[in-house]
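Please find below a note on the model, arranged as numbered points.

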Amino acid sequence: MADKTLPFDREQIEQIAADYPTPFHLYDEAGIRARMRELRAAFAWNEGFRQCFAVKATPNPHIMQLLREEGSDADCSSLAELVLCDRIGLRGESVMFTSNNTSAQELRKAYELGAVINLDSPIYLDKLPEATGGPMPDSISFRFNPGPEKQGNVIIGDPAQAKFGCTRPQILEGYRKAAAMGVKRFGLHTMVVSNERSVESLLETARMLFELSVLIKQETGVRIESINLGGGIGVAYHPDDQELDIAAFADGVRELYEQILGPADLTPTNILMENGRAITGPFGYLVTRVINVKETYKKYIGCDANMANLMRPGMYGAYHHISVLGADSSAPTETVDVVGALCENNDKFAIDRQLPEAKEGDLLIIHDAGAHGHSMGFQYNGRLRSAELLLQTDGTVRQIRRAETLDDYFATVEFPAAVEVGA
């Protein structure tokens, strides 16, 4: 099995772990910037191309700011994410708001920011005037759910069972109604695959949206000016996985764009994407220290991180590669479960994983934890959220989120007055 590389050496990470107690998430700034540049270069043929970083993947203002410096916009799905954009000065059509089961408060904030509101259903057309205080947004988008027309992948599942988006008849009626209500500019969006590394699968989504754009124009007279292909570009989590060829994917989108939209007089059309995982995922590491080694019917490597620091393995059975710092990963010597301390048996980073021997005090590096890692954290058992650190391009490390304390955990609790037992 191939091994994964690290952007730091043993001496550097030992020093970082001495300065910042484990566990912590460490992000590689150089890798994140390079990935963003790669994506933008691949789609440079489309003058209006925009990458809207899916804030939910890594909702940290420092990460968002460095992405902004590389030309990234933002895709939000909640009030907090909108506020995060607002606080770093990201507003207007640089913000896409794609939500579901949306509250009036969220619609109002998105409107105040001037964000492009991507509606999950035509029902929100009647709710928008109340949320905005009267006027309709100048520009809106609709999210399409193809239902049985297209099969999603293992993460998204069957679109017909998904709570997201509009049916084909609903989306056509939505554009008619929005135009009648005074909306002038229109976008189209879908998200039917996630963590996808097949160029062909991602191109199926582009074809579907391009053909739907032609139908919308024919049926409603509405011209779609922006087509959001969603995110979905996957990560090679396993060392033997093949990464998606981003350049080949972009070339395929261009070919479909010219074949389908060109003859329908729908060019130029802006191509948008909302990748999160592909931008930060491979460039984040959960660093944790072994605190116990236990043997019963199996051997357990107990570390000071737990499922609250990285939910994906326990929630999805997802694979995350693990390196024992300083060990030869090409020569595993034992089969172990790598576990945390939660009172849940799925609190495992790896099950029956072949690893070099790991002893108490050793550092483990859990790879590809830069997206949907810290952001999916929780506080079951009173376990505290870890720090986030940025490995900067000059080799220095900056803390971009401190670790939580017990005072943070109890900050929202109103404790009753202490009562002496037996008094």
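1. The side chains of Arg 33 and Glu 70 form a salt bridge with an N to O distance of 2.8 Å; a salt bridge here is a side-chain nitrogen of Lys or Arg within 4 Å of a carboxyl oxygen of Asp or Glu. The pair links distant parts of the chain, 37 residues apart: Arg 33 belongs to helix α2 (residues 29-42), and Glu 70 to the loop between α3 (61-69) and β3. Helices (H or I, at least four residues) and strands (E, at least two) are DSSP runs, numbered from the N terminus. Arg 33 is buried at 13% relative accessibility, and Glu 70 is buried at 9%. Buried means under 20% relative accessible area, exposed over 50%, and partly exposed in between (1.4 Å probe, protein chains only).

2. This is a predicted model, in which local features need pLDDT of at least 70 and side-chain atom pairs count only at pLDDT 80 or more, while totals for chains, interfaces and linings use all residues. Residues are numbered from 1 along each chain as its sequence is written, and side-chain values use heavy atoms, with hydrogens and water left out.

3. The whole structure contains 26 salt bridges. One of them joins Asp 352 and Lys 298, whose closest N and O atoms are 2.9 Å apart. Asp 352 is in strand β14 (residues 348-355) and Lys 298 in the loop between β10 (284-295) and β11 (299-303), so this pair ties together parts 54 residues apart in sequence. Asp 352 is partly exposed at 45% relative accessible area, as is Lys 298 at 27%.

4. How many disulfides does the structure hold? The number is zero, a disulfide being a pair of cysteine sulfur atoms within 2.5 Å. The sulfur of Cys 76 lies 3.4 Å from the closest cysteine sulfur, that of Cys 85, which is too far for a bond. For Cys 166, the closest cysteine sulfur is in Cys 52, at 19 Å, again too far. Cys 76 is buried, with a relative accessible area of 0%, and Cys 166 is likewise buried at 0%.

5. In strand β3 (residues 73-76), Asp 73 and Asp 75 point one way and Ala 74 and Cys 76 the other, and all are buried. Strand β2 (residues 50-54) pairs with β3 in the parallel sense over three bridges; pairing requires at least two bridges found by DSSP. Cys 52 stands opposite Asp 73.

6. Just after α8, Gly 221 adopts a positive phi of about 80°.
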